[in-house]
Amino acid sequence: MVKIADQDAFKFDQTVHTVDTNRKMRVGIIGTGWIAEAHMAAYLKQPDVELVAGCDLIPGKAKKFFEKFGVTNAKTDYANDEEMLADKSLQLDCVSICTYNRQHAPCAIHALNAGVNVLLEKPMCVTTEEAIEIIRAEKKSGKVLSIGFQPRFNKNMQKIKKIVESGELGDIYYVQTGGGRRRGIPTPFGTTFIEDETAGLGALGDIGCYSLDLVLNALGYPKPLTVSGVKAAVFGTDPNYVGYGTHHEYGSKFTVDDWSAAFIRLEGGIIVDFRISWAMNMDTSGDTLILGTKGGLRVPSTECWNGILEKPLVIYHEVAGTQVETVIPLAPNDDLWNLKIRSFLDASKNGTPSPVPSSQIFYNQAILDGIAKSSELGREIELDLPEFDEI
Ligand SMILES: NC(=O)c1ccc[n+]([C@@H]2O[C@H](COP(=O)([O-])OP(=O)(O)OC[C@H]3O[C@@H](n4cnc5c(N)ncnc54)[C@H](O)[C@@H]3O)[C@@H](O)[C@H]2O)c1
């Protein structure tokens with residue numbers, strides 16, 4: 001067993017930020033629920049941000065939310081995102097969209113049409129058709145659209161991409177990914193994650209999108225061609241399910257997926273074997289495996305998958321005819337939320353490319369939606385996606 005203990009290996013992408021504090025960015029938050037707190041906390045750390053407005057469909061929620069963070073001069077008396085975006089006195093530069101999934105597309109389209117840069121929470125939306133409409137609005141606006149995949153800023157995730165790009169694994173032909181949770185339906189935060197009318201996608205949209213991004217980003221986001229998938233609610237509707245807490249009050253409301261499996265063909269002949277779960281009678285549905293002609297990479301699954309790695313990466317390969325394993329220790333975690341927000345602000349300010357662009361996440365979204373549609377039809381489907389340039 002060869003162990004690389006050299007932490008210098010992780011210094012490759014340390015970015016030094018110089019922030020022009022003379023030019024402030026005027027920021028608004030759309031949807032002031034649970035994840036908006038992480039956005040707010042990260043914005044408050046930025047020296048060039050003025051939090052000028054927020055809105056929520058629930059009257060009074062945005063006001064309370066801003067007060068909780070000590071931001072008392074922001075305007076919050078809007079009935080919804082459209083009212084806030086129509087208020088030209090705000091002179092918004094940027095918004096974070098922190099609504100539940102079904103409200104991602106309308107809010108993103110409204111904001112882009114209003115000429116505002118958008119940080120859109122993951123998953124990008126619910127359907128491929130919505131993703132196309134968002135991209136059209138983005139292109140028309142010329143503004144920055146970044147999708148909220150904070151694991152992208154994790155050095156270990158970046159390492160996986162570096163390993164694949166280095167050629168160490170040879171030509172990649174098969175990927176297994178997914179993982180999940182033994183008991184992890186996110187009900188403590190209310191029901192917007194588990195009801196179809198708000199979430200649209202369950203485990204698929206919550207954590208499946210992270211598993212796909214982990215491998216597709218490493219592979220350079222090849223276009224997905226076909227999907228054969230299933231999605232199901234195995235535990236969510238069970239009133240006796242015990243997860244983070246007692247579930248009986250939620251069982252009747254559960255109308256999304258908590259389990260999914262799929263077989264996906266990518267351009268270039270790569271196969272993706274995917275499974276994800278919010279709950280199962282198993283510790284894991286498998287590690288992420290990236291198999292190539294020269295080496296294979298194991299990315300160990302975690303107990304409660306949320307896009308962040310917990311155990312070292314292992315490369316299985318041959319050295320001078322001997323089969324060996326190289327263990328790559330994990331780099332310490334950075335403040336991913338700071339990096340996510342900062343990279344979005346920098347791109348918006350400088351007109352530089354989106355840190356997590358729709359041109360990539362479009363394919364992630366098309367696979368999630370492809371699994372849902374294939375599951376409904378009970379057979380493999382062709383995705384038949386337009387080229388990004390043609391959207
Ligand atoms: N990046 C991450 O780590 C992470 C973690 C959790 C959740 N998320 C994502 O964040 C999103 C929100 O999750 P949450 O747990 O905060 O949900 P939530 O239900 O707690 O909050 C969403 C809020 O948006 C409001 N809203 C909906 N439509 C609106 C509109 N048109 N205008 C104004 N307000 C509107 C709702 O009233 C609600 O208060 C989801 O898409 C989820 O996938 C990301």
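Student: What makes a residue count as near the ligand, and which residues come nearest?
Tutor: A residue is near a molecule if its C-beta atom, placed from the backbone, lies within 6 Å of it. Around the ligand there are 28 residues, of which Gly 31, Gly 33, Thr 99, Gln 103 and Thr 192 come nearest. This is a predicted model, in which local features need pLDDT of at least 70, side-chain atom pairs count only at pLDDT 80 or more, and totals for chains, interfaces and linings use all residues. Residues are numbered from 1 along each chain as its sequence is written.

Student: How is the shell around the ligand divided by class, and from which domains is it drawn?
Tutor: The shell holds 11 nonpolar, 11 polar and six charged residues. Here Ala, Val, Leu, Ile, Met, Phe, Trp, Tyr, Cys and Pro count as nonpolar, Asp, Glu, Lys and Arg as charged, and the others, Gly among them, as polar. Domain 1 (13–150 + 338–355) and domain 2 (155–333) each supply at least three residues of the shell; the domain bounds come from an automatic or database assignment.

Student: How far apart are the centres of domain 1 and domain 2, and what makes up their contact?
Tutor: Taken over C-alpha atoms, the two centres are separated by 27 Å. Nine residues from domain 1 and 12 residues from domain 2 form the contact, where contact requires C-beta atoms, placed from the backbone, within 7 Å. On the side of domain 1 that touches domain 2, five residues are nonpolar, one is polar and three are charged.

Student: Why is helix 1 called roughly perpendicular to helix 9?
Tutor: The axes of helix 1 (residues 36–44) and helix 9 (residues 336–350) come within 9 Å and cross at roughly 75 degrees. Angles of 65 to 115 degrees count as roughly perpendicular, those under 35 as roughly parallel. The angle of roughly 75 degrees therefore makes helix 1 roughly perpendicular to helix 9. Ala 38, His 39, Ala 42 and Tyr 43 of helix 1 make the contact with Trp 337, Asn 338 and Ile 341 of helix 9. By class, this contact has five nonpolar, two polar and no charged residues.

Student: Which word, parallel or perpendicular, describes helix 4 and helix 5, and why?
Tutor: The axes of helix 4 (residues 104–113) and helix 5 come within 9 Å and cross at roughly 10 degrees. That angle makes helix 4 roughly parallel to helix 5. Helix 4 contributes Ala 105, Ala 108, Ile 109, Leu 112 and Asn 113, which meet Glu 130, Glu 133, Ile 134, Ala 137, Glu 138 and Ser 141 in helix 5. Six of the residues in this contact are nonpolar, two polar and three charged.

Student: At what angle do the axes of helix 6 and helix 8 cross, and which residues meet?
Tutor: The axes of helix 6 (residues 155–166) and helix 8 (residues 203–218) come within 8 Å and cross at roughly 35 degrees. Met 157, Ile 160, Lys 161 and Val 164 in helix 6 meet Leu 214, Asn 217 and Ala 218 in helix 8. The residues of this contact are five nonpolar, one polar and one charged.

Methods. Two residues are in contact if their C-beta atoms, placed from the backbone, lie within 7 Å. Axes are lines fitted to C-alpha atoms, for helices over the stretch in contact, and angles run from 0 to 180 degrees between N-to-C directions. Helices (H or I, at least four residues) and strands (E, at least two) are DSSP runs, numbered from the N terminus. Angles under 35 degrees count as roughly parallel, over 145 as roughly antiparallel, 65 to 115 as roughly perpendicular and the rest as oblique.
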